[in-house]
Amino acid sequence: MTKRLNLFAFICITILLAGCWNHRELTDIGIIAAVGIDYGQDKRYNMTFQFVNPKNIAGNQQTSGLSGPAITIYESEGDNLLEAARAASQHVSRQLYFAHTNVLMIGEEVARDGLTDILDISIRNPDFRPTATIVIAKDSTAEQILKTLTPLDQIPANKIDKTLQFSESRWGEDIHLTVGELVPTIYSKSKQAVVSGFVLKGDKEKGKQDANIQSSRPLAPLNADGIGIFKGDKLITWAEGKTARGINWILNNIQSTVMAVDWKDKKDAFGITINLSKSKVSANVKNNKPHITVHIDAEGGITEADTFLDLSKAEELIKVQNALRKEIKREIENSIQFAQKHKADVFGFGEKISHVDEDYWKKVEDVWNEEIFPNLEVKVEVNAFIRRTYLISKPFLYEHKGND
Amino acid sequence: MENAKLSSYQFFVMILLFEMGTSLVISLGSNAKQNTWFSILLGSLIGILFYHVNYKIYTYYPNELPSSYSKKIVGKFLGSILGYFYIIYFTYICARVTRDFGELLVAVAYTQTPLFIVNAIMIILCVFAVKKGIEVIARTAEINFALMYLFAITGLILILVSGLIELENLKPVLRNNWGTILRVVILETAFVPFGEMIAFTYLFPYLNYSKNGRFLGSFAILLSGINLSITAAINVAVLSVPLFENTQFPLLSTIQYISIGNFIERLDIFFIFAAFIGAFFKIVIFFYVAVIATTDLFHLKDHKKIVYPFGLIVLFLSQTIASNYQEHINEGLKFVPPHIHIPFQIGIPVILLVIAFLKNRKKEKNMSKTMKEG
């Protein structure tokens, strides 16, 4: 009798322990790869959801031809973000599932008005991950970018995420920033936020269609482009190209990049691959005056030489090395000037100052970005080394060309 | 009191799991900002002091529960009243921890499930464990201890590997705000979790080599203090101060940041696991102590008979002590420590120790006197 009773209890408990109360069936959830946020009518939020269409991802090789795009876009509008997200239930046959959202795309207009609303809901909601990448849709709306199909990656959200990841570490003009990393800087007085931008070029209408992925050259390519500079939670301006890279040099985001160095009257005569780079910012306060020193250590090799110089000699190499140091220094100084012009301390110099002299920092923190930072003296020290010239020592081809 | 024995190792792991319990997952002492790690460490040292006070009383009355020896120290009437209040205290704290745990699961994982169900399942588990007795609880602790450390070490490695730790966030270290640090230590960390060791005074008699108790307890408290302190430091280093202060469950936020190669991520289960093990031992030990104190005070033959009623009381209390999470947590941080923890965790034990010391000195004198005369 006891045995049977035990068995009965065992079965009952097994049912309880399965934890079915909160179950969500796989067929009932819509997995969202990217969320876009724009303004709709009357400054209401317009959210764009990029749903993964699992049926169209798997088994493409076997089935003849494409059965349809790997993603589906739905949009919804609401006065706040939660309302907009839930209103999507009217369009979507499934429960919205945010745990796999990799990209949070924000329209430029919204970014210029402030990100606070967006960040609060994304860190409060246990479903949404702080590891999602945050990107700003430059000169366009998030909606347009998310609607675009991409050829190499079936899910455009992955393309955006990966592009930023690789271009940050291999090129250095973009920033791969997650929501979690952005939050601490958004209201810090000592450090302003920077977020990468994405642009859509070409034919925006064609981008939404299969044609975009079926032509060899995408009709509407998506590019990472520039770094958005924030002040508080508002986007104020864009740093592009070399200026953006200068910011990354200081923020220690660069793992590898390429530098072009002028030689005599030839522009960009040497192409140098930087393989190692490390930056260190130190601060001190003397007589109530802050000083910042930026120290860069970089190491690389000559990968391209478009002029003649006897690179087999060490002293010649040192000359190129000095030119490289000057070039890096100029780049960094330019971006510091740029940030100073826009009165936004994106480098976190204030943070360094607050660590070395808290009393001084307490006095200036409210006027730091407006008054102190724009006139701050920053010393830039670059310690770059050219270690090797790879397979060829002397650029002998140019030697002969020069003889002509 | 049941007839059972605990080995030194079992005693040790029970203290560790009990101390880390829910403190690992809630934002413990986060008012001290980047110096939270230090306030936890300091709290653990004070906790050791509290522990020694309790242990000293126990050495005067070996193999007896506080509910019995308090009668010997302050007389039968007052002693019984004290014992009775301690039962209420343990039941209340048990309900508080149950609520902590339930709120956490509902906020994090079971958003559609009523709090009552989550709490009820935990209490059913505890009722079962307490019915089986302290030896079973101790053996469960041994197994779970290994699991907990396995998870903790894996988690630590993953956090280190994913390069999330920004030591800059811990700066400036211990500068200018000693006032805040000490306030946090005195009002929060010294009492929760370290002062809660008062529950273990009811487990001293089970220890098979009771001489080890003093060293074991101190060492376990110190080690759990170090563990909690490291966790707090990592949380601050990963989350930065503003987020650390405002997040409800810092450890969860930290774990959510882990992402290695876009592959090893979404490890929330680590957190749920730690929360589950820790909360279970904390609840079950308070529960057991409340039950055993009642058995001893009212001279019941068997503790098993009152386990179910106690389970219902704890479950009912855990539902009714607060109407929302904020009220619950504010009570726990602002009201409970000065008004309830201070008298029960340190006030009464110190008074008892002083009286016990004076009484026993007299006794010893009398003894030596009679010896001389004889």
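## Helix packing in chain B

In chain B, α11(B) passes α12(B) in a right-handed crossing, a crossing being right-handed if the near helix is turned clockwise from the far one by less than a right angle, and left-handed if anticlockwise. The contact (heavy atoms within 4.5 Å) is made by B:Phe287, B:Ala290, B:Val291 and B:Thr294 on the side of α11(B), and by B:Val307, B:Phe310 and B:Gly311 on the side of α12(B). These residues divide into 5 nonpolar, 2 polar and no charged, where Ala, Val, Leu, Ile, Met, Phe, Trp, Tyr, Cys and Pro count as nonpolar, Asp, Glu, Lys and Arg as charged, and the others, Gly among them, as polar.

Helix α11 spans residues 268-297 and helix α12 residues 307-320 of chain B, and the two pack at an angle of about 130 degrees with their axes 11 Å apart. They are therefore oblique to each other (under 35 degrees is roughly parallel, over 145 roughly antiparallel, 65 to 115 roughly perpendicular and the rest oblique). Axes are lines fitted to C-alpha atoms, for helices over the stretch in contact, with angles running from 0 to 180 degrees between N-to-C directions; helices (H or I, at least four residues) and strands (E, at least two) are DSSP runs numbered from the N terminus.

## Basis of the values

This is a predicted model, in which local features need pLDDT of at least 70 and side-chain atom pairs count only at pLDDT 80 or more, while totals for chains, interfaces and linings use all residues. Residues are numbered from 1 along each chain as its sequence is written, chains are lettered from A in the order in which they are written, and side-chain values use heavy atoms, leaving out hydrogens and water.

## Interface of chains A and B

In the interface, 24 residues of chain B are in contact with 22 residues of chain A. The two chains bury about 2000 Å² between them, 49% of it on carbon and sulfur atoms, buried area being the accessible area (1.4 Å probe) lost on putting two parts together, summed over both. B:Gln256, B:Tyr257 and B:Arg266 supply 30% of the area that chain B buries against chain A, more than any other three residues.

The rule finds 2 salt bridges across this interface, each a side-chain nitrogen of Lys or Arg within 4 Å of a carboxyl oxygen of Asp or Glu. B:Asp268 forms a salt bridge with A:Arg129, with the closest N and O atoms 2.9 Å apart.

## Backbone features

The peptide bond from B:Lys171 to B:Pro172 is cis, with omega near -10 degrees, and B:Pro172 lies in the loop between α6 (134-161) and α7 (178-189) of chain B.
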